[in-house]
Structure formats: structure tokens, C-alpha cells
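Thank you for making time for this at today's meeting. Please have the sequence and the model open while I talk, and we will go from single positions to the whole chain and back again.

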Amino acid sequence: MSELIEPKLTIELAHQCVKCSACRQVCPTYSVVKEERSSPRGRLALAEAVVDGILPLTEEVAAQWNQCAMCRRCEWICPNEVEYKEIMFRARNMAKEKSKKDYFKTVVFKGLGMMGNLLTKIGMKFAPTLMEAYGKLAGKEVPEYNAVYIDVGIPKYAKLMPKPSAKPFGLRGKEVKAEKSKGRLLFFTGCMIDAFQGKVGESVLKLMEKAGYDVVVPKDIRCCGAPHLYSGEIDAFNKLMKHNKNEIDKYEFDYIVVACPTCGGALKEEYKYPVKDFAEILREEGFLVFKGNGEKVSFHFPCHSYTAMKTDPNVFRDVIKNVKDTQYVEGEEAMMCCGFAGYFSVANYEVASELQKRKIEDLRKTQATYVLSDCPGCVLNLADGMYKHGHYKEVKVMHLAEYLAERLVEEEKNEGKS
């Protein structure tokens, strides 16, 4: 049974870092800004000084903490296993009164907290019509991605937004049963899949059924709360976790399956459920048979897949390499942050844009015609980057689940793989 998250940043937590600087090698923000204050070590030193009473908690200190992408790559490489996330979200919570007010962020986070309730379901019924009307009037339709480029004249708010690919929230309460069931999974869809990337959710159900599993989708889940927790909104996270646990615990299941590693990380670390990525299950069960069309494919590894979820990156490599008639080509920076990190891409627009640009340039060097990822947010950001940098006509960005479901050609497992 999970417990509510304690907001206090203790002295013991704050003093974990030994200042070895290994984290600077992998920190995306430090790679752009090149200043100690923008490294994990620098941010932890500030937290330590504030907790010790050496440094006052000022707006400037709060700003340094808020400029972190929370990708957690520092944890991934840290030789001392410093709990960076645990320190940073508590530091941000402590600094809420000192942080510069961002009313757009407040609206976004309140919207996420309401995701899936009656009001958002009604609102999303009109989203496809409104997006299509805007796209036609503004000349911003992008049919290659079934999307609309939303541009209100302020660069940091301009985004390529996908039109809903299926009925919003249409998977809620759905159940599928395998012909010969090996177990029962509960699919936690997550906000992006629920509202905009419905075909990704349908693809996960299809793949898990063909792999031999019964799957149920809860009727009344909300946002997992990870965006709130990472931003220091601990009370909001605790409320969402309580709501979701009450709903999830109504169902019998062996594992929660996810197609979003940020959701998966929260469900695994804070909710304390057994969680697997859908690709892990495909690999464990022996691959289904997939067939491509001679395309060259690259993959972006979401940071939270190997930091929060702790999924072996070879899971994704192996699944993609099993697709017949495709060529897998990995970028040199395939495991570097793409710059999205939820609201980070808005609040830290200049740094996020540079990271996005680097990622797009690295992917273009692979000459892949398909770019895949396992994170709905990363898929959104990579598609946005391909559009902004003029490559959207040559490169298709997709979620791995949707790509595989479209190429599933047989029900039988490929007995030669494991």
C-alpha cells in the first residue's frame, strides 16, 4: 500500500551529493548553458545550503531549481545513487512562494488534474472540430502528422498538436480477452493517449491480446500526477494518487502495463504497483511477427524509460530489430533528452529549443524515414521539431506501439526469438 508523499526536505536527503560532478556529463541543461548553476550538482548544492541555513531561499534560487528538466539522467549515472528527484521536488515545493508566478502553468496543471472527468470529456468532444477549423482558417494544417500547428504569436506556446486519432477517452472501461490467457493486465493509458493518441492505446490493447493477455482499462482514472510531483505540487499529486488508487484497486491484475514511462515511473515508484512497459512484455513472451516495407527506422529513448522505469534500453532495440524488412539505425544521441519534459519546454523555451534542435539534427543524420519513441510526450515533441525544422514531409514520427500494431502480420509467435 502506498503512502502519501512527505513534502519536507530533510537534512539527510539534502546532504547526499558528494559533488563528484559525474552528473554534468549527462545533464541536458548543463550541456546548453555550461554553467555550474545549471548542473545537478549545482542545484543540489543550493538545496543543501538553503536547508543548512547558509543561504536564504530567494526567487533566484527557486528559478535555478525550476530550470531542471527532471529527466533524471543524473540519477542514472550517479555513482553514489543520490536521490535527485526526491530532493528536487521537495526543494521546488519549499520554493513555491518564491517562484515567479506562471498563470498558464497553473491552468495547464489544473487541466491535467481534471483529465478524464465529465467536463474534460465534454470539452474533448469539440476538440477535433475546433482544431480542424483553426487549421483551415490559419493555414496551419499538417496532414502528414494528422496535426495542426497552433501558433498564437508567442514562440514558446507554439506547438504542433495532433488531432485526436480516436475517440477521446474511448478506451475507458474497455476489456479485451486473449484466446488462451496467460494473465491479466491493467492498462494505465495516461493523459496524452487518453485525449489525443487514442490509436496508440488501441495498439497496446491489440499487441497485448495477441501476446496472450487479458487487458482491462480503468473507467475513472485521472492524470498519474507525475507532472505535479516533479514540479513540487505535492498536495495535488497526493490527491491524484489517492483517487487513482481507489479506482485501480477495484480491479484484479498481475501487472499494470504502460506506454508512457513517466506514468510508469510514478506508478512503480510512488504508487508501489508492479509495472511493465508493453515492449517488455513483447520481449519476454517471445516476439510476435512484424513486417515492414524496407524502411529505415531510428528510436529515441525516453529519459524516464531508463531512469524512472529502469527499463533496459535493449528491450526497445530488440523489439524493433525483430521487425522484418526494416533497417534499425541508432542516432549518436539516441539517449539524450529531446527537450520536452512536459512544461519544461514552455518554461525554459530557449534551452528546450536547443535540445530539440540537436535531437532533430542527430536523427536526420541516421537518414531514417521513421522515428519511433515509447513516450507520447516525446512523440509530440519530435513531430513538432521535424515540422519546425522542415523535415516533416520526409520523416514519420510515431509511437512504437502504433508502429508495431500496423506491422503485425501473424498471430503466431516467432519461435526463433526470445
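Let me begin with a question: where in the chain is K272 found? In this predicted model, K272 is found in the loop between helix α13, which covers residues 261-269, and strand β8, which covers 275-277. Although K272 is not a glycine, its phi is positive, at about 70°, and with a relative accessible area of 56% the residue counts as exposed, because the cut-off for that class is over 50%.

A second residue belongs beside it in this discussion, namely S21, whose phi is near 80°, again a positive value in a residue other than glycine. S21 has its place in the loop between α1, residues 11-14, and α2, and at 22% relative accessibility it counts as partly exposed.

Let me now step back to the chain as a whole. The protein chain contains 20 helices and 14 strands. Its radius of gyration is 21 Å, close to the 22 Å that the globule rule gives for 418 residues, so the chain is as compact as a globular protein of that length. Along the principal axes, the C-alpha trace spans about 65 × 50 × 45 Å. Of the 418 residues, 58% are buried, and if we take the contacts with a separation of 6 or more, 76% of them are between residues 24 or more positions apart.

As for the surface, the accessible area of the protein chain comes to about 18400 Å², and carbon and sulfur atoms account for 51% of it.

Next, the aromatic residues, where the structure holds 13 aromatic pairs. One of them is formed by F301 and F316, an edge-to-face arrangement with 6.3 Å centre to centre and 65° between the planes. F301 lies in the loop between β10 (296-300) and α15 (303-306), while F316 lies in helix α16, residues 313-321, so the pair ties together parts that are 15 residues apart in sequence. Both F301 and F316 are buried. There is also an aromatic cluster, made up of F104, F109, Y157 and Y343.

S31 is found in helix α2, residues 28-33, and is counted as buried because its relative accessibility is 15%, with the cut-off set at under 20%. Once neighbours within four places in sequence are left aside, S31 is in contact with L355 and R358. For a sense of distance, its C-alpha atom is separated by 40 Å from that of V217, a residue 186 positions away along the chain.

G339, for its part, is found in the loop between β11 (327-328) and α17 (344-347), and at 1% relative accessibility it counts as buried. The C-alpha atoms of G339 and T29 are separated by 8.9 Å, although the two residues are 310 positions apart along the chain.

Key. Residues numbered from 1 in each chain as written. Predicted model: local features only at pLDDT ≥ 70, side-chain atom pairs only at ≥ 80, totals over all residues. Heavy atoms only, no water. Helix = DSSP H or I, 4+ residues; strand = E, 2+ residues; numbered from the N terminus. Rg over C-alpha atoms; globule rule 2.2 N^0.38 Å. Buried < 20%, exposed > 50% of the residue type's maximum accessible area, 1.4 Å probe, protein only. Contact = heavy atoms within 4.5 Å. Areas by Shrake-Rupley, 256 points an atom, 1.4 Å probe, with all protein chains shown as cover. Phe/Tyr/Trp six-rings, centres within 6.5 Å; stacked < 30°, edge-to-face > 60°.
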